[in-house]
Amino acid sequence: MNRICELVHSLDSESAARKLTVPALVEVNLSGEQSKSGISPAELGRFLELSDVRGLMTMPPATDDPEASRPYFRRLRELAVEHGLSELSMGTSQDFRIAAEEGATLVRVGSVLYAQ
């Protein structure tokens, strides 16, 4: 069977977790921002039992200073270690270097690839 999807990068609902047939990264809302998706860190343990979770993903608050993202990336890494997860999707074109320093295994870049 050919899979259309290899990995879901932003799992954040219990109903989706129960239906998934492919591995996922759980999106964790570390900033507590209402405008962001993701589960709270307190929900993580219970949520990991619902699906084939390979790792975690987060989006820190928007900022012009990439260094401001470091505490969020560090906390996500700590949560991954606590729960024995190896994949960390964190960082964008703006802060991917900081994310890599904090242990990112996946980054979401776009504009850095197409900058002129």
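Helices (H or I, at least four residues) and strands (E, at least two) are DSSP runs, numbered from the N terminus. In this predicted model, the protein chain has five helices and five strands. Read from the N terminus, these elements follow the order β-α-β-α-β-α-β-α-β-α. The radius of gyration is 14 Å, close to the 13 Å given by the globule rule for 116 residues, so the chain is as compact as a globular protein of that length.

**Extent and contacts**

- Along the principal axes, the C-alpha atoms of the protein chain fill a box of roughly 40 × 35 × 25 Å.
- Of the contacts between residues at least 6 apart in sequence, 51% join residues at least 24 apart.

- Buried residues account for 34% of the 116 residues in the protein chain.
- The protein chain has an accessible surface of about 6800 Å², and carbon and sulfur atoms contribute 50% of that surface.

- Ser69 lies in the loop between strand 3 (53-57) and helix 3 (70-82).
- Is Ser69 buried or exposed? Its relative accessibility is 1%, and buried means under 20%, so Ser69 counts as buried.
- Apart from neighbours within four places in sequence, Ser69 is in contact with Pro60, Thr63 and Asp95.

Notes. Residues are numbered from 1 along each chain as its sequence is written. This is a predicted model: local features need pLDDT of at least 70, side-chain atom pairs count only at pLDDT 80 or more; totals for chains, interfaces and linings use all residues. Side-chain values use heavy atoms; hydrogens and water are left out. The radius of gyration is taken over C-alpha atoms; the globule rule is 2.2 Å times the number of residues to the power 0.38. Buried means under 20% relative accessible area, exposed over 50%, partly exposed in between (1.4 Å probe, protein chains only). Contact means heavy atoms within 4.5 Å. Accessible areas come from the Shrake-Rupley method with a 1.4 Å probe; for residues, only the protein chains shown count as cover.
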